[in-house]
Amino acid sequence: MSDSLPLREKYLALIDEIVQNTLKGKISSQEHVYQMLLKGVTADTGEVFELALSDRLNSTQQQVDTEKDELKQAKATRSLRAIKTIQSQWQRAQQQNKATEAIVSAIKEITTAQTGGRLAAFLRITDPNRKNALNFQQIQQVSKSLQQFATADSDFQEISEGITRGVAAWQRLQDHLISWMYEQSRESLGFGGVPGEQGPWATWAKQVNSTFLQALFRTLALEQSAIDFAQQQRSITLSDWVEMAVILQYLQRGLVNWFDQQPYNVKAGSKLSISTFLTFAVIWSQLADGFSSSAAVYTAGCSQVMLQILRTFAQRPYFPLYGGIFASFSGTYLRDALNYLDEPLRQVEGTQEKARILTLLGYSQRAFGQYRRSGQFHQQALEIARNAGDRPCEIANLNHLSRSCVAQQMYAEAIDYSQRALILSRQTGDRTGEANALVNLGYSEVMQAQQLEQTEPEIYETAINYLQQGLTLSERLGDVQSKALCFSSLGIAYLVIEQPQTAMKYLEDGFQAAQFSGDLYLQGLNLANLAEAYYHLQDQEKVIYTGCLGMYLLNQISSNEWRKPASLLTSLRGHLGEEAFISLLQQNRSKIIPVIGVDGYDYIPQLLEEYKGSM
């Protein structure tokens, strides 16, 4: 093949040479073809080769389709098969070229970064949101390549060592990634139970060699704050930090990948993927807070990883625009977890991902009873989503604002937001948004009618009709989270119009739907309202059962609404007397423990005393 030929002719000649050698039996394997392509096609001329290959493929295919002579057709068929082998090996070569280019680019990005910016450069090249994110093997290759620059600056040596140690730790941990789930039979990420003995962190701490990682994992296993841990790390090296970054990122991604593949497993599925994203984002945010007093570069690095995780999470189809996050947060040190994400997010400019995370923060703040703060998050998210053209997120925030206004007894505003959400959802075909808007509209109108002391039954009938439409639509969509909200709202509406028997049925269904969706806030809310329905029906035993569970679950997520069932139970205890109340509580012990455990059951009297002391 002559080098003097024009490039296109040169590549046509290369293709013909491979085909002819194949027909003569001189090509021993596909690897032989691969090596000929690597040698024969020069860098940055792939497009010319692909055009030449396409021409040969089309002309040979035409010959196969039109040739009448059997011998010539047989030869053309063999030629076509050879060209398709060239095509497959070219694709392999292209992938290899892209991988090589990605590694070269990554090394350049790190080594040309200014002192103090090299860690940030490393985190950029490992960002899973990048178009050509480096895979596991490429990260290892980066580590090897950085060794060449070790004499130029110790930073490169330390980053390389950190990657190597992190990769080795991940390879040891892979076999133990989910073993803890089978050891403790829990749906959560294992942050509850006996501190230090159960869950992922305790399991993983036994598998790593690094004393730094062991200390971090044990801190998390004991439900202690990562802030305090980071503040104590006065002698942390760059290689320690990189090792931590590698292992935490691969643990998080490994868990999410596994949970994403278990959609029908009640112990896993999307709600544990959601939990994983949020748990690791919170840990990184806490580490950022802890390092802030000693190492600015580590603080910035922690925040950088946290935002990468949140951006990835915000793009997932199961991102909870309407809630459903709390069941996975059972540990005490994660009780106010989402608060940790507030400050770092303020530093990010408006993006679609930020709007979605703010939506989540707004929902959580409403659950905690922080209605004004919740409204601020939703207003900010609404503006960003509108500018980004993220209609589902925009509609979700209109719906959330409606709910926040109801919580503040601003019913006219609540109706306005829900009507806007309903119009926009119907215009854009967002059926989930429409179902929630119908529920919020009906719910707002019921609460407004009660506030205005309106007694006309048709007012309530119209409002309840909206709620029923929302329920029907959410059932048709199979949207469990929206269905849980519909049931809950219908139950409250029937309590308002003093039909506790009907309310009871909807609230029971709402509790079951909220359990399935994993929304601990709605679970607690439905139980608290069930207690009120049973109180009206004078079923004292069930008041105690549902009221105690609702009070405990709401208290666990720091929702101020735990005080409502606590008030009802305190009133009932005064009416029954201490001995009779305790007797009824003990009778329900076997039903309460499966939901909140022995520790939860034992905590109930203490909670009632806390309420009594705050009256």
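Modeller: A definition to begin with: buried means under 20% relative accessible area, exposed over 50%, and partly exposed in between (1.4 Å probe, protein chains only). This is a predicted model, where local features need pLDDT of at least 70, side-chain atom pairs count only at pLDDT 80 or more, and totals for chains, interfaces and linings use all residues. Residues are numbered from 1 along each chain as its sequence is written, and side-chain values use heavy atoms, with hydrogens and water left out.

Colleague: How many salt bridges in the whole structure?

Modeller: The search finds 21, a salt bridge being a side-chain nitrogen of Lys or Arg within 4 Å of a carboxyl oxygen of Asp or Glu.

Colleague: What does Lys564 pair with?

Modeller: Lys564 meets Glu532 in a salt bridge, 3.5 Å from N to O. Lys564 sits in helix H26 (residues 563–576) and Glu532 in helix H24 (residues 520–536), 32 residues apart. Helices here are DSSP runs (H or I, at least four residues), numbered from the N terminus.

Colleague: Is Lys564 buried, exposed or partly exposed, and why?

Modeller: Lys564 counts as partly exposed because its relative accessibility is 43%. Glu532, at 24%, is also partly exposed.

Colleague: And Arg356 and Asp390, buried or exposed?

Modeller: Both are buried. Their closest N and O atoms are 2.8 Å apart, in a salt bridge. Arg356 lies in helix H16 (residues 352–367) and Asp390 in the loop between helix H17 (371–388) and helix H18 (391–407), so the pair ties together parts 34 residues apart in sequence.

Colleague: Changing topic, what fraction of the chain is buried?

Modeller: Of its 615 residues, 55%.

Technical notes. Helix = DSSP H or I, 4+ residues; strand = E, 2+ residues; numbered from the N terminus.
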